[in-house]
Amino acid sequence: MHNQRRYPYVTIPPGASPLPNPSPPQAYPYEFEHNAPSGDLLNPWDHTPTARHPNGRPGDLRSRSRTHSAYEPALSTISFPEPELHRFASQRTTLHPYSPSHRPSKSDDGHGSLPPSTDDVASPPFTPVTPDSASYMHYLPEDDWEAPINQLTRQLSDVSLYSEEGLRRFQAGQLAEKDEEWHRLVPPEAQEALGKKEVERQSVLFELFKSERDYVEDLKLVTEVFIEPLKFANPPVMAPEKLRPFIHEVFWNLGQISVHHEHMLGALFERQLDQHPLVQSVTDIVLETCFQFQSEYESYIKHYPLAEERHRTELSRNKSYQAFMQKCSQDPRVRKRDMITFLSRPVTRLPRLHLILEHIQKITEPGHPDLEDLPLLLNILSDFLKSTQPGIAAAENRVKYWNVCESLTMPKGEIIDLDWYNESRSLVYSGPVARRSKSEMDWHPWTDLFVALLDNYLLLTKEERRTGGILKRYVSSRPIPLEYLKLGGFEGQPESRKERSEEGGILDNLRAQYKPIYPFTIYHSADKLTRRYTLYAPTESAREKWRNALVEAKGIDDVRRDANKWFAPQLVDDGSFRSPGAYTPRGFGSKASGRVANAVSFTAAGGKRLMAVGCATGIYVGSRGDNNFRKILSYGNPSSIIVLQDFNKFIVHHESYLLAYSLDLLARVAMYQAPASSLDASMEKIAGGDGTVLFCSAGRIKQRMIVVYALKSFFQITVHALEACNFSELRRTPSRGSQGTVLSFRPFGEPLYVPKDAYSVTPLAKTIAISTEKGIVIADPTNTARQMVSVVPDFSGATSDTDMADLKTRCEDAKPLGLIRTESGEILVIYDTLGCYITKHGVPSRKSGFIRWETTATSFAHRGAHVLLFSSEFIEIRSLSTGRLDQVIEGSDIRLLLHTNLKSHSADDTLLVAMRGTKDDKDGVSDKIIELVRTAEFSSMQTPMTPASVEGIWDEWDM
């Protein structure tokens, strides 16, 4: 009858004989028993008192309250007379206090009649329970008719008492490995009484205890065997400044995870001591800890691939670290496991815990509280593990990216900044491809390449395996920036490649072994012919993967760069200036002004912004944003236009003359406020007549506004410098043309004699740089004793320095354009195809390295921390200090419009660029004028409101 109760967690086999010496119910002198009605039975199969089931549902199991922490101290409770077999997760079973085999428990505290605890007394060596050893147990005489049931309860309690020493030794890790099983601590009679299903469940729960204990011990071992000895190693394993970052990178937050599991293990062991051999549930303990350690595990799991790679890298490079690891492996606790095993323990622990809990759920009988709580815990663990997968994949991709970058060997001497250390960099795709050799005499017409597609560059490399297993990848072709990468055909028919036989026999070499390979083409948009690559994928699916990866990488790169422009092109005009086109009638169109040669913007007296544009037919002036430009001067194709806003001067270099006009009168004539004759009357001839002006420029030298020009006369070229003067500084000086003319400029130093092949000049802070075919001449017009300082770069040491000799050869084949001083004090020498850094003395720096531009530059400009290189189709924007390619602007027929208004700081100058426009009709092909505006980060643009400004809002309200 009793075996048909709703929750028979201990099943009595049919026909089981009563156990001897059952305990008498009269031996339980507890208060609630004295008040219990006569005939009420207190045994596992009877209805329990209402005090145990306040809801009035006897026999229902209740799990531990979910709001009660597993780590809080247990509240004082009444000691119950018999060990309920229906022990709940939040309850503790207590034996009869007068039983000879009574085990004192927490609920006995405060009872003076109890014998002293024996926990601190030395225990005899533990022997697992066997059928023979279980026969020594003593039982009190019992005449009760429920003797078999009470005897089984007492037997299980005695087993719990007997095996407590075994449990403690298990928890301390002192048992033999073969004895660390639940069935070794429980007698066969009890196992048979519990039934096969419950025995399996208790065994799995015991496995959870054991695995958690081993896990915590391994986490402690990492600190004791690896971290601490590494910190205090003598001699040090690595440099002190590298040791702390290394430990942090490799072991991350392992200590924080260990603290959580130490707390959980303490709660699990306490529950095990309370309820062994029949542990009801540990779900509440695991669930509470799971909520606490999620953030630490998420951080560790996502970082793990980086930690493993950092350890492997140090192990392959540092012999002292290798010896240290070898010494650590000799610790007996390590048990021949390597560091990777210990580092991966937190990564594998949660999936292992999930499997154990899932197994417990499968073998738990219906009606058990775990069937309500375990699904919640399993869902939490499962969702958490899924959420970490993207982080792990990203970290693994980061490791692959590092491996590729570390294996690369760049061409000697070339400075290539791939922006490796940017956290956003990643490896998109990589794999082997083949390329046909260009040489017809090559006996091996195929070259095997390893191609790596980064999120900013495409790299073509040749792999080489060195001694010791070190893999090196030599960059066979210059890396292609994704901005310049273009895709060709991917639909070509497969070709056949002859393969060598692995055996290498003579007959095998004669036999043709062909393998199909699938071509696809990519090329550099700035060099479509010489930098065109036809590569061959091993399979058609591999070719399709390459195509998808390239399209996706270029799309993402375009979006990212469009949202992070260093210079934003802003349209100024498109349509006002036209050149004859295919649809233009004979005799030009009505708006055919000709091709734009240069332009400059300035501000009129009333604050109105105007722009002067030099075209093939003359110089036009109009308001910015207005299409109504008026032709003011008839100088067609002016070489240069310079505006000196602070000195009210408009300078024009046309053919062999250098002329200056009043800027104020130019604006008034353009706005129909003054006649054109007044502008002609303000003209000053700066140079010309007695020679031809070759080129000119303006800039601040020694805090003065200087106009520099080169004058060719007979067989020599002289460079003159003039200082612009304000009206108060003007003085009457005799003019070459007429007496008494007021000139706005005065000589600055003495004329300089320069080589005949000079073609441009750049004002520097104290000197001027004159570009010639053989180099750049640095001269000081104010120092007559030593006018010629040097020719830079200074290659005098090239005879003893091979790197400098190589740089000298490259520079001799290039055309110098100018110089830019960097923030570090170095000077960047700009050539049309490359750039190099020199010291203030002109000697090449950075090991005579050089930066190759992606295009051939015709001009350049300096703005802030960037240098802008202009070619006919592209504008390259590079970092001034590293040469890193930061932005590319694409167009057609691009021209830097020589200018500027030369404000106090060069960064304030307007940067105007012309390129082919979007209009092509009967009026001609339009030239588009854009302004390159420097951008700023959002954080730097946001100005927080100060408290003072907020208070000022309410001042007038007298609040």
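Reader: In which sense do β28 and strand β29 pair, and over how many bridges?

Author: This is a predicted model. In it, strand β28 (residues 816-821) and strand β29 (residues 827-831) are antiparallel partners, with five bridges between them.

Reader: What lies between the strands in the hairpin of β28 and β29?

Author: Five residues lie between them, and in this hairpin G825 has a positive phi near 100 degrees.

Reader: Is β28 mostly covered or mostly uncovered?

Author: Buried means under 20% relative accessible area. By that cut-off, five of the six residues of β28 are buried, and the strand is mostly covered.

Reader: How do side chains sit along a regular strand?

Author: They alternate between the two faces of the sheet.

Reader: Why is strand β3 described as largely enclosed by the rest of the structure?

Author: Strand β3 covers residues 446-454, and seven of these nine residues are buried, so the rest of the structure largely encloses the strand.

Reader: Which strand pairs with β3 over nine bridges?

Author: Strand β2 (residues 427-436) does, in the antiparallel sense.

Reader: How many bridges join β3 to strand β4?

Author: Four bridges join them, and β3 runs antiparallel to β4, which spans residues 457-465. Here L453 stands opposite L458 of β4.

Key:
Residues numbered from 1 in each chain as written. Predicted model: local features only at pLDDT ≥ 70, side-chain atom pairs only at ≥ 80, totals over all residues. Heavy atoms only, no water. Buried < 20%, exposed > 50% of the residue type's maximum accessible area, 1.4 Å probe, protein only. Helix = DSSP H or I, 4+ residues; strand = E, 2+ residues; numbered from the N terminus. Pairing = 2+ DSSP bridges.
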